Amino acid sequence: MAVLEIKDLKKSFGKNEVLKGISFCVQKGQTVAIIGSSGSGKSTLLRCATNLEKADSGSIAYNGEYLVLDIDGQQKYAQKEELSKIRSNFGLVFQNFNLFPHLSVMQNIIEAPVNVKKMSKAEAEKKARELLSQMGLSDKENAYPCELSGGQQQRVAIARALALDPEVLFFDEPTSALDPELTGEVLAVIRKLADKNMTMVIVTHEMAFARDVASHVIFMDKGVIAEEGEPKEVFYNPKSQRLQDFLHSASL
Amino acid sequence: MFETVFKALMEGFGESLKIFALTLIGALPLGLIIAFGSMSKFSPLKYFTRAIVWIIRGTPLMLQLIIIFYGPGLILGTNIWGIGSKGRFIAVIVAFVLNYGCYFSEIYRGGIEGISQGQYEAGQVLGMNKGQIFFRIVLPQVFKRIIPPMSNEIITLVKDTSLARVIGVYELIHFGEAFIKSNGLIWPLFFTGVFYLVFSGILTLLFGYIEKKLNYYRV
């Protein structure tokens, strides 16, 4: 069974139809990269999948359990308890980190495990320290977000998302707010997660990274999936003119 | 003589302090409730609340004291505040709490609306519920943001307590003024200024301390 299955997802903002029927599956252990120009609907897709936006039609299921199901054109969203169960399947890393500025690195990471998952504080801290060492931030547990570089903040945000043991982790342009030097350190962390077969869906403008790390690449254009496949197919043998133009402008 | 004056003024200052403290106790939570009302998605409630805030902030507190104390008697024909100084004092507290609640609500509203959407979204994808997001994520950050405007408003309150005398509630200025009639002395009235100065000085230091304490992070 697919970890994530999206069927015919549509979403409009006013008259602007941003998603025009998106369908795809993510299997366990896959790293899916979503590429495409700005305004193609990539971020909206992630926001619908993570329940930050409500879809207009279509269905989204995690491990066969529906976050939203389309019954004869009526959107039926999962209710409270179901919803919190489904939500525990995924995590999201934002473009601009969205760490909690009033909490230390450690407090940021254990906030949800302790208060949502009701894990004991000691257990949550132990886990947080393991994650911080994976992220190369062992010495920063008592720092506050404002004392960290952007790359460090984003790595804390990744640790915060991983602390809840999500089955699939979404990244919404995780390096777009970072300068090239810091981009590298964040991508290295994501690459390590891919090596460990963490299931991930990454919206990115880093073409070389998508090519090297992803197991599946989706190219979105004007609200539809214009082309998808294995990275070497998508990058070295693009079929559509639109993708050829896009890759050309991305100078790869 | 100085000792007599000082003792009398201390008594008056005690009354002013009571008004100050009770106003804060009532207006700080009331302001948050009014702020929720004025940010409500239910537009009748939103516009009703904003109209109240406009009326309260748009008229003098002195006038509000008079209307709140005398108004019910004129309209209903009975004095709802009770007889004597206790009734007057209750009316003063009601007027002050309402007035300051409205001012505080706008400060809260500014603070709450200044928190970025990303903070709510981060809480949401971590599975936190609305209450947890508000009390654990948003409110602590609002608290830091509103300290400077709050300290302004609270220091204004120290001085506004003197308005209570328009409906005959005896506070610091009243006690100072009494010496003009009884002893022909004007300086006790002038001397009340020292009390206000010292008290607002202490508050300034206190707020400075809190601001410094919260400097460990930036929002």
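The largest pocket is lined by 34 residues, and those nearest its centre are Gln124(B), Met128(B), Asn129(B), Lys130(B) and Ile133(B). The model is a predicted one. The volume of the largest pocket comes to about 1400 Å³. Its lining draws at least two residues from each of four helices, namely α2 (80-87) of chain A and α4 (84-113), α5 and α6 of chain B. Of the elements, α2(A) provides the largest share of this lining, with five residues. Sorted by class, the lining of the largest pocket consists of 15 nonpolar, 11 polar and eight charged residues.

Chain B contains eight helices and zero strands. Along the principal axes, the C-alpha atoms of chain B occupy a box of roughly 70 × 50 × 25 Å.

The contact of the two chains involves 22 residues of chain A and 19 residues of chain B. About 2000 Å² is buried between chain B and chain A, and carbon and sulfur atoms account for 60% of that area. Two salt bridges were identified across the interface of chain B and chain A. A salt bridge joins Arg47(A) to Glu121(B), with a separation of 2.6 Å between the closest N and O atoms. On the side of chain B that touches chain A, the elements giving two or more residues are α5 (117-125) and α6 (130-160) of chain B. The most residues on that side, seven, come from α5(B). By class, the residues of chain B on the side that touches chain A comprise nine nonpolar, seven polar and three charged.

Over all chains, the structure holds 20 salt bridges. One salt bridge is formed by the side chains of Asp165(A) and Lys127(A), at an N to O distance of 2.7 Å. This pair connects distant parts of the chain, its two residues being 38 residues apart. Asp165(A) lies in the loop between α5 (150-162) and β8 (168-172) of chain A, whereas Lys127(A) belongs to helix α4 (residues 121-134) of chain A.

How values were computed:
Residues are numbered from 1 along each chain as its sequence is written. Chains are lettered from A and ligands numbered from 1 in the order in which they are written. This is a predicted model: local features need pLDDT of at least 70, side-chain atom pairs count only at pLDDT 80 or more; totals for chains, interfaces and linings use all residues. Side-chain values use heavy atoms; hydrogens and water are left out. Contact means heavy atoms within 4.5 Å. Buried area is the accessible area (1.4 Å probe) that two parts lose on being put together, summed over both. A salt bridge is a side-chain nitrogen of Lys or Arg within 4 Å of a carboxyl oxygen of Asp or Glu. Ala, Val, Leu, Ile, Met, Phe, Trp, Tyr, Cys and Pro count as nonpolar, Asp, Glu, Lys and Arg as charged, and the others, Gly among them, as polar. On a 1 Å grid over the protein atoms alone, a cavity is a set of points where a 1.4 Å probe fits but cannot get out, and a pocket is an open set with protein on both sides within 12 Å along at least five of seven lines; lining residues have an atom within 4 Å of a point. Grid points are joined across faces, edges and corners, and a volume is the space filled by probe spheres set on the points.
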